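User: Can you walk me through this model? I'll ask as I go.

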Amino acid sequence: MTDATPAHAPTSPILAALRFEGKTIRATRHPAHGRMLMAHDVLLAIGYTPKPPNGARPILAGLKVSDANRITLTREDFDTTEGRPEPTFSKATFLTRAGLDELVAGAAAKKVKTFGPWMAVVMENGAPKRKPKPVAEVAPEAPAEGLPWEE
């Protein structure tokens, strides 16, 4: 019997850098949460300015990003073996796909006009799109005098 988990699958997140309109957004592929983007970098990329001491937290709260979709990772959480980049932060908030969807829904439309489509491509492991519920089509009833082409 073979194990379903590939031997090369990382057990710790790995830090990566993505480019969006000349800005760098730090990202990771977390073993439990999939691909995530750093909240601070995303907010800067779409035009918000996180300020100390609370950083991105007040902006994320104002944009109604739920706590469940914000994952805090520390420097020690990342795999830095084999020459992988080492984080320059002690801890940072990363957003899951659902968190990014909440952020895009709450942000000003002009700020996310180009970010939304870029994010959809980058976040390939996002929640499946909802299919619209089928609407039962009711055949129109023929008027008592008949249809115009039945004469």
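Analyst: Starting with a turn: E2 and E3 are joined by a hairpin through 3 residues. Helices (H or I, at least four residues) and strands (E, at least two) are DSSP runs, numbered from the N terminus. This is a predicted model, in which local features need pLDDT of at least 70 and side-chain atom pairs count only at pLDDT 80 or more, while totals for chains, interfaces and linings use all residues. Residues are numbered from 1 along each chain as its sequence is written, and side-chain values use heavy atoms, with hydrogens and water left out.

User: How many bridges join E2 to E3, and which way do they run?

Analyst: There are 4 bridges between E2 and E3, and the two run antiparallel. One of the pairs is His 30 with Gly 34 in E3. Two strands count as paired if DSSP finds at least two bridges between them.

User: What is the strand order in the whole sheet?

Analyst: The order is E1-E2-E3-E5-E4, an open sheet of 5 strands with antiparallel pairing. E1 (15–20) and E4 (70–74) are the edge strands; each has a single partner, so one side of each lacks a neighbour in the sheet. From one strand to the next the twist averages 40°; axes here are lines fitted to C-alpha atoms, for helices over the stretch in contact, and angles run from 0 to 180 degrees between N-to-C directions.

User: Which strand does E4 pair with?

Analyst: E4 is joined to E5 (residues 91–95) by 5 bridges, and they run antiparallel. Thr 72, for example, has Thr 93 in E5 as its bridge partner.

User: Which helices pack on the sheet?

Analyst: Helix H3 (residues 97–106) does, touching E3 (34–38) and E5, with its direction at about 75° to that of E5. Helix H5 (residues 115–122) also packs on the sheet; H5 touches E1, E2 (23–30) and E3, and its direction makes about 145° with that of E1. Contact means heavy atoms within 4.5 Å.

User: And E3, buried or exposed?

Analyst: E3 is mostly covered, with 5 of its 5 residues buried. Buried means under 20% relative accessible area, exposed over 50%, and partly exposed in between (1.4 Å probe, protein chains only). E3 is joined to E5 by 2 bridges, antiparallel, and Leu 37 stands opposite Leu 95 in E5.

User: Switching to charges. How many salt bridges?

Analyst: The count comes to 5, where a salt bridge is a side-chain nitrogen of Lys or Arg within 4 Å of a carboxyl oxygen of Asp or Glu. One of them is Asp 41 with Arg 26, whose closest N and O atoms are 2.8 Å apart. That pair links distant parts of the chain, since Asp 41 is in helix H1 (residues 39–45) and Arg 26 in strand E2, 15 residues apart.

User: Which residues are linked in a network of salt bridges?

Analyst: Asp 79, Glu 82 and Arg 84 are. Within that group, Asp 79 and Arg 84 meet at 2.8 Å, N to O. Asp 79 is buried at 17% relative accessible area, Arg 84 is partly exposed at 26%, and Glu 82 is exposed at 73%.

User: How far apart in helix H3 are Arg 97 and Asp 101?

Analyst: They are 4 residues apart, so about one helical turn separates them. Their side chains meet in a salt bridge at 3.0 Å, N to O. Arg 97 is buried at 14% relative accessibility, while Asp 101, at 30%, is partly exposed.

User: Backbone next. Which residues have a positive phi without being glycine?

Analyst: Glu 82 is one, with a phi of about 55°, and it sits in the loop between E4 and E5. Glu 21 is another, with phi near 45°; Glu 21 lies in the loop between E1 and E2 and is exposed at 55% relative accessible area.

User: Where is the cis peptide bond?

Analyst: The cis bond joins Pro 52 and Pro 53, with omega about 10°. Pro 53 is in the loop between H1 and helix H2 (57–62). Most residues other than glycine have a negative phi, and most peptide bonds are trans.

User: Last one: how many of each element, and what share of residues is buried?

Analyst: The protein has 5 helices and 5 strands, running β-β-β-α-α-β-β-α-α-α from the N terminus. Of its 151 residues, 34% count as buried.
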